[in-house]
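This report goes through the arrangement of the chains, the interfaces between them and some local features of the backbone. The sequence and structure come first.

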Amino acid sequence: MVWVDPLDPFAVANVVGLLAFAIAGALKGADADLDLFGVVVLGVLTALGGGMLRDVLVGRVPVALTTTSDVTVVLVGLAFAVFLTRRLDRRLRDHPAFLLSDAVGLSAFAATGALVGAGAGVSPFGVVVLATLTGVGGGSLADLLLTRVPAVLREDFYATPAAVGGVAFVLARVAGLGAPVPSVACFGAALGLRVLALRYDWHLPSV
Amino acid sequence: MVWVDPLDPFAVANVVGLLAFAIAGALKGADADLDLFGVVVLGVLTALGGGMLRDVLVGRVPVALTTTSDVTVVLVGLAFAVFLTRRLDRRLRDHPAFLLSDAVGLSAFAATGALVGAGAGVSPFGVVVLATLTGVGGGSLADLLLTRVPAVLREDFYATPAAVGGVAFVLARVAGLGAPVPSVACFGAALGLRVLALRYDWHLPSV
Amino acid sequence: MVWVDPLDPFAVANVVGLLAFAIAGALKGADADLDLFGVVVLGVLTALGGGMLRDVLVGRVPVALTTTSDVTVVLVGLAFAVFLTRRLDRRLRDHPAFLLSDAVGLSAFAATGALVGAGAGVSPFGVVVLATLTGVGGGSLADLLLTRVPAVLREDFYATPAAVGGVAFVLARVAGLGAPVPSVACFGAALGLRVLALRYDWHLPSV
């Protein structure tokens, strides 16, 4: 029953990310006055949607539909979020601890996207796309359900760290470095860049 | 040429659902002032989109693209809907017979989603997701094309019956009941709950 | 390194289409005030999104993620578009040369959609759906990201040529004509119809 190995840094990062993403999605749904079903859908989709896009694109049945461990984590996050929206204020999303958890999730998801892509034999471009999409796809799908332009296209230095993580993965592979160096490089580059962007309020230029 | 066996209740329920969903989608498109192509797309997508999402998620080519029987039914529904929008008034959608046909379709689609998911070896969570998505996915995709928040996230006790049908399917399987009991349980639970929700105007709480 | 055979008319048409679609998507993103990442996403999605939908529906890993030639063309188009938005005016989109390039791309993409569908064994309806979706899917996904109703559902005689190209492909196959006649018929029918629609300002009736 110990399905998260506490000594595996990626497993821990993945759980942190699933919790942060599920909570963020559920709060987003509650703010949009969805009913309980809608709040659950937004939370589940934000947490698991990026990985589902990744799996559909490489032609395998989404792991979110075949395993139960990730889903259990997401449901715990959702229950917490629903409790939060009733009892506590909603400014949690600006709290540094929440932003850091979200950044950890983004980076862990980017690393799984790059790994799955490389395993499926995609091109370097494909690795970068899958790293980015796994990181930001869930939140973007949730935005689309609410008919909002995905925040990552407009607002923030958020997708770029995931893409740069994908590039770091490719470079580490080109340099001949064996596992787990490429995934660690991806995770580290994405997390470092995201934390710096938050700390110094970086933005991409508009064209 | 007899591709619908009138003694197979699911085949009949599926045809009823395809007709109801195609008509509902086409009327939705006509109300949104789409051109003829757009009206056809909305009708086809509403009727076949849920099953296409289901098939893509389990990694098979959508049956809507490989068989012709379902498409024929949908096109008949579309022709009827286009005729309707020109000649008759549009309040059809609130007519009890239409609402019941729609509920039959929702329940039949939920049952196929659960069956296909179980056949692909997904988890219990996956069965519930696929039952729900097959039932409400087509209408939600149509809403998204019109840049509307899918109605199922906000308005109605509509997705919940499909999800409960998925749960009934899982429970029947866990109880060791053989086919066709799980699908019948799914269909029956979804239809009963949907009809009760319509009859007594049930709504989910918002969070 | 010569990955486009200049004697292969489809390869040339495909490159023309990728360039036109990438530029159109990037300009659309710039007009919507996206940041640089968003502009790149819109351009890449407009050019490669239709083919990705096509590949996901027939159950293969999108060629856009496994090969590099198409992506290289798209990136050249994007660099040109970003340069354009800074230096030149944006009325390029109404220039006859641009509209013709776009029509060439639409028709080439419809032909690849029909070919891939036929190769995957889909029904005649599936061939028409895949031809249409490959032609208009990328632009429609870009519209959805910007929360706009896809233009093809409302505004223009744009999707119809792709669908008619799919029908021409099916008819040529039914008539027993061997490759490359069906794809040439698809390309020719789509291009002819699109150019006529532009020249004479054709529109579909609304229902």
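## Salt bridges and chain contacts

Counted over all chains, the structure holds 9 salt bridges. The coordinates are those of a predicted model. One of the salt bridges is formed by the side chains of A:Lys28 and A:Asp143, with 2.8 Å from N to O. This pair links distant parts of the chain: A:Lys28 belongs to helix H1 (residues 9–31) of chain A and A:Asp143 to helix H6 of chain A, 115 residues apart. Side chains of opposite charge can pair when their charged atoms come close.

Between the chains, how many salt bridges are counted for chain A and chain B? The count there is 0 salt bridges, and between chain B and chain C it is likewise 0 salt bridges.

**Relation of the copies**

**The interfaces**

The table sets out the values for two chain pairs.

| Chain pair | Residues in contact | Buried area | Share from carbon and sulfur atoms |
|---|---|---|---|
| Chain A and chain B | 30 residues of chain A, 26 residues of chain B | about 2,200 Å² | 74% |
| Chain B and chain C | 30 residues of chain B, 26 residues of chain C | about 2,200 Å² | 74% |

Polar contact across the interface of chain A and chain B is found for 2 residue pairs, both at pLDDT 80 or more. On the side of chain A that touches chain B, two or more residues each come from helix H2 (36–57), helix H3 (63–66), helix H4 (69–87) and helix H6 (124–145) of chain A. H2(A) gives the most to this side, with 10 residues. By type, the residues of the side of chain A that touches chain B are 20 nonpolar, 6 polar and 4 charged.

Turning to chain B and chain C, about 2,200 Å² is buried between them. B:Asp35, B:Phe37 and B:Leu65 supply 30% of the area that chain B buries against chain C, more than any other three residues. The interface of chain B and chain C has 2 residue pairs in polar contact, both at pLDDT 80 or more. The side of chain B that touches chain C takes two or more residues from each of helix H2 (36–57), helix H3 (63–66), helix H4 (69–87) and helix H6 (124–145) of chain B. Here H2(B) gives the most, with 10 residues. The residues of this side divide into 20 nonpolar, 6 polar and 4 charged.

**Annotated regions in chain A**

An unreviewed UniProt entry places the feature "transmembrane region" at residues 6–27, 34–53, 65–85, 97–119 and 125–145 of chain A. In the model, residues 34–53 of chain A are 90% helix and 0% strand, with end C-alpha atoms 24 Å apart. Residues 125–145 of chain A are 100% helix and 0% strand, and their end C-alpha atoms are 27 Å apart.

**Backbone details**

Most residues other than glycine have a negative phi, and most peptide bonds are trans. A:Ala179 and A:Pro180 are joined by a cis peptide bond with omega of about 0°. A:Pro180 sits in the loop between helix H7 (159–174) and helix H8 (181–200) of chain A. In chain C, a cis peptide bond with omega of about 5° joins C:Ala179 and C:Pro180. C:Pro180 is in the loop between helix H7 (159–174) and helix H8 (181–200) of chain C.

A:Asp201, a residue other than glycine, has a positive phi near 55°. A:Asp201 is in the segment after H8 of chain A.

Definitions and conventions: Residues are numbered from 1 along each chain as its sequence is written. Chains are lettered from A and ligands numbered from 1 in the order in which they are written. This is a predicted model: local features need pLDDT of at least 70, side-chain atom pairs count only at pLDDT 80 or more; totals for chains, interfaces and linings use all residues. Side-chain values use heavy atoms; hydrogens and water are left out. UniProt positions are given in the numbering used here, feature names are shortened, and annotations may be inferred rather than shown by experiment. Helices (H or I, at least four residues) and strands (E, at least two) are DSSP runs, numbered from the N terminus. Contact means heavy atoms within 4.5 Å. Buried area is the accessible area (1.4 Å probe) that two parts lose on being put together, summed over both. A salt bridge is a side-chain nitrogen of Lys or Arg within 4 Å of a carboxyl oxygen of Asp or Glu. A polar contact is a pair of N or O atoms within 3.5 Å; within protein, one must be able to donate a hydrogen and the other to accept it, and residues adjacent in sequence count only if both atoms are side-chain atoms. Ala, Val, Leu, Ile, Met, Phe, Trp, Tyr, Cys and Pro count as nonpolar, Asp, Glu, Lys and Arg as charged, and the others, Gly among them, as polar.
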